[in-house]
Amino acid sequence: IEQALKSAKSSTFWKYIRIVLAIAFFGGFFIKSFVDERIREHDVKRILAFYKSVAPGTINDGDKHNAYYLCWKYKGKKEKLW
């Protein structure tokens with residue numbers, strides 16, 4: 001009986017450890033995605049402000065799709081974008 005109780009406690013402990021680790025693992029992806037989205041939105045605003053001040057009235061002034069594309073294109077090379 002003691003062995004069964006010990007095994008059950010150990011099994012429950014590891015079950016909760018696995019649940020916590022799974023939540024932390026997938027939660028990390030959620031947080032990373034959220035932060036990346038915020039950074040991208042900030043960069044889009046900067047690009048739109050740049051085009052508005054440098055080339056007002058052109059096709060790129062106010063073009064969000066082009067700004068999103070530029071953020072995607074220079075995703076790993078921000079120093080080249082700015």
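The largest pocket has a volume of about 210 Å³. A pocket here is an open set of points on a 1 Å grid over the protein atoms alone, where a 1.4 Å probe fits, with protein on both sides within 12 Å along at least five of seven lines. Points are joined across faces, edges and corners, and the volume is the space filled by probe spheres set on them. The model is predicted: local features need pLDDT of at least 70, side-chain atom pairs count only at pLDDT 80 or more, and totals for chains, interfaces and linings use all residues. Residues are numbered from 1 along each chain as its sequence is written, and side-chain values use heavy atoms, without hydrogens and water.

Lining residues have an atom within 4 Å of a point. Among them are Asp36, Glu37, Arg40, Cys71 and Trp72. H1 gives the most, with 5 residues. H1 and helix H2 (64-73) each supply at least two; helices are DSSP runs (H or I, at least four residues), numbered from the N terminus. By class, the lining has 3 nonpolar, no polar and 6 charged residues.

Now the charge pairs. The whole structure holds 2 salt bridges, each a side-chain nitrogen of Lys or Arg within 4 Å of a carboxyl oxygen of Asp or Glu. Asp36 meets Lys32 at 3.0 Å, N to O. They sit 4 residues apart in helix H1 (residues 2-54), so about one helical turn separates them. Lys32 is exposed at 52%; Asp36 is partly exposed at 37%. Exposed means over 50% relative accessible area, buried under 20%, partly exposed in between (1.4 Å probe, protein chains only).

Glu37 pairs with Arg40, closest N and O atoms 3.1 Å apart. Both lie in helix H1, 3 residues apart. Glu37 is partly exposed at 35%, and Arg40 is partly exposed at 32%.

Conventions: Ala, Val, Leu, Ile, Met, Phe, Trp, Tyr, Cys and Pro count as nonpolar, Asp, Glu, Lys and Arg as charged, and the others, Gly among them, as polar.
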